[in-house]
Each structure stands twice: as C-alpha cells, then as structure tokens.
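Reader: Hi, I'm new to this one and would like to be walked through it slowly. Could you show it to me before we start?

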Amino acid sequence: MNPTSISSNFATSIYRDGEYLWIGTFNGLNRFDTRTKKFKRFFVDEIGSGFRVNYNILEIDKFPGYLWFGTNGNGLVKFNKNDFTSKQYTYDPEIDNGLDNRANFVRYAWYSDKRPNEIWMGTTNGINILNLDNETFRSYTHNPKDSTSISHPMLCSS
C-alpha cells in the first residue's frame, strides 16, 4: 500500500485546520496536504496498527496545535499536530476519576466555549466529561433503578 495514500477508504470524520485536511478513517488518522496532494498516516500505538477514528475531530483554543478525537478501543486521543505524539485517555480500573468505559469506545466528542474546561464524550457506556485542567473524568450512566439517570447507555448511534 502506498504510504502517501489514505489509510482506508472508509472516512469517518474530516477537519480542516487551514493548512491541512485531517481525515479520520477506519484505519487511523490521515493528514492531507492540499499543496502536494499527498497523505501522511498516523497511528496511536508504536506497532502502527490501525484504529478507528470516530465521528468528529476537535481543535480547541485552550490547546492550540492539538486534535482531539474518539476511537473504537483506544478511548479519547489528544494528538499533537507538531511532533505527532499522542496521549490516550483510556479505562483503567485503578483510576477513580478515569474514563468510565471498559470498551474504550468514544463515539463523539463535544466542546463548547461556554464550558471551556471540559470535553464531553458520548460513549457506549453513557456520558464521560474530561476536566481539561486536572485531566479527571466524571460520568453519567444509565441506571434502570434510577428514573433520573440518563435514558440509555449508548447515547450516540452509529
């Protein structure tokens, strides 16, 4: 496979930062250079295996130069566009205020200037909210015995 081509024909999200198009696929993140018309591929892990980038890619003013996106199995990813490093926020049973999703499946990430210290995520286990100042999570899940809990664990459909 040509390393300057897109890593998968199944694109799930596109984000334009002015200089590049960033395209999430079923097999990783791709940067398309509109001048050279070539792709560069990025994978989260060291062995270069693919991961699915889910429905959107964010870049927020609070962290210029970073892209945020959800994945199937790799949680929430914070990707540095300058040095191509990444940080994964994944489920860890040893962390009390970590991502509350054993499957590490983040379907959608949302950010608003009205809540500048948070990224909200729809997961396969409810809502997770990352506090950007201290990198802790809080979550809201479905509890069938509590009528005030969220209505269903999978809030974003595929």
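Author: Let me begin with one definition: two strands are said to pair if DSSP finds at least two bridges between them. With that in mind, S9 and S10 pair in the antiparallel sense, over 4 bridges. Please keep in mind throughout that this is a predicted model.

Reader: Okay, and which residue stands opposite tyrosine 108 in S10?

Author: That is glycine 122, which stands opposite tyrosine 108.

Reader: How many bridges join S10 to S11?

Author: There are 6 bridges between S10 and S11, and the two strands run antiparallel. Within S11, isoleucine 129 is the residue opposite tryptophan 120. S10 and S11 also form a hairpin, with 2 residues between them.

Reader: Is S10 mostly covered or mostly open?

Author: S10 is mostly covered, since 5 of its 6 residues are buried.

Reader: What does the side chain of threonine 123 make a polar contact with?

Author: The side chain of threonine 123 makes a polar contact with the side chain of asparagine 101, at 3.2 Å. A polar atom of the threonine 123 side chain also lies 2.8 Å from the backbone nitrogen of asparagine 125.

Reader: And is threonine 123 buried or exposed?

Author: Threonine 123 has a relative accessible area of 0%, so it counts as buried, the cut-off for that word being under 20%.

Reader: Switching topic, what about the nonpolar core, how many residues does the largest one have?

Author: The largest nonpolar core has 15 residues, and among those with the most contacts inside it are Trp68, Met121 and Leu132. Strand S9 (106-110) and S10 each supply at least two residues of this core.

Reader: What does leucine 132 touch?

Author: Leaving aside residues up to four places away in sequence, leucine 132 touches several residues, including Ile60, Phe63, Trp68, Tyr111, Pro116 and Ile119. There is also a second, separate core of 11 residues, which includes Leu29, Val53, Ile57 and Phe69.

Reader: Val53 brings me to the strands again; which residue is the bridge partner of valine 53 in S6?

Author: Its bridge partner in S6 is threonine 71, and S5 and S6 pair in the antiparallel sense over 3 bridges.

Reader: What order do the strands have in that open sheet?

Author: The open sheet has 4 strands in the order S5-S6-S7-S8, with antiparallel pairing. S5 and S8 are the edge strands, each of them pairing on one side only. From one strand to the next, the twist averages 20 degrees.

Reader: How many residues lie between S7 and S8 in their hairpin?

Author: There are 5 residues between S7 and S8, and in the turn phenylalanine 84 has a positive phi of about 65 degrees. S7 and S8 pair in the antiparallel sense over 4 bridges, and phenylalanine 79 has serine 86 in S8 as its bridge partner.

Reader: Last topic, charges: how many salt bridges does the structure hold?

Author: It holds 8 salt bridges. In one of them, glutamate 19 pairs with arginine 35, with the closest N and O atoms 3.8 Å apart. That pair links distant parts of the chain, 16 residues apart: glutamate 19 lies in the loop between strand S1 (11-16) and strand S2 (20-25), and arginine 35 in the loop between strand S3 (28-33) and strand S4 (38-42).

Reader: Which residue does lysine 81 form a salt bridge with?

Author: Lysine 81 forms a salt bridge with glutamate 59, their closest N and O atoms being 3.0 Å apart. This pair, too, links distant parts of the chain, with 22 residues from one partner to the other. Lysine 81 is buried, at a relative accessible area of 14%, whereas glutamate 59 counts as partly exposed at 25%.

Reader: And where is the partner of lysine 87, glutamate 135?

Author: Glutamate 135 is in the loop between strand S11 (126-131) and strand S12 (136-140), while lysine 87 is in strand S8, 48 residues apart. Their side chains meet in a salt bridge at 2.8 Å, N to O. Lysine 87 is partly exposed at 35% relative accessibility, and glutamate 135 is partly exposed at 34%. Elsewhere, salt bridges that share partners join Asp17, Glu59 and Lys81 into one network.

Technical notes
Residues are numbered from 1 along each chain as its sequence is written. This is a predicted model: local features need pLDDT of at least 70, side-chain atom pairs count only at pLDDT 80 or more; totals for chains, interfaces and linings use all residues. Side-chain values use heavy atoms; hydrogens and water are left out. A salt bridge is a side-chain nitrogen of Lys or Arg within 4 Å of a carboxyl oxygen of Asp or Glu. Buried means under 20% relative accessible area, exposed over 50%, partly exposed in between (1.4 Å probe, protein chains only). Axes are lines fitted to C-alpha atoms, for helices over the stretch in contact, and angles run from 0 to 180 degrees between N-to-C directions. A polar contact is a pair of N or O atoms within 3.5 Å; within protein, one must be able to donate a hydrogen and the other to accept it, and residues adjacent in sequence count only if both atoms are side-chain atoms. A nonpolar core is a set of buried Ala, Val, Leu, Ile, Met, Phe, Trp, Tyr and Cys residues joined through side-chain atoms within 4.5 Å. Contact means heavy atoms within 4.5 Å.
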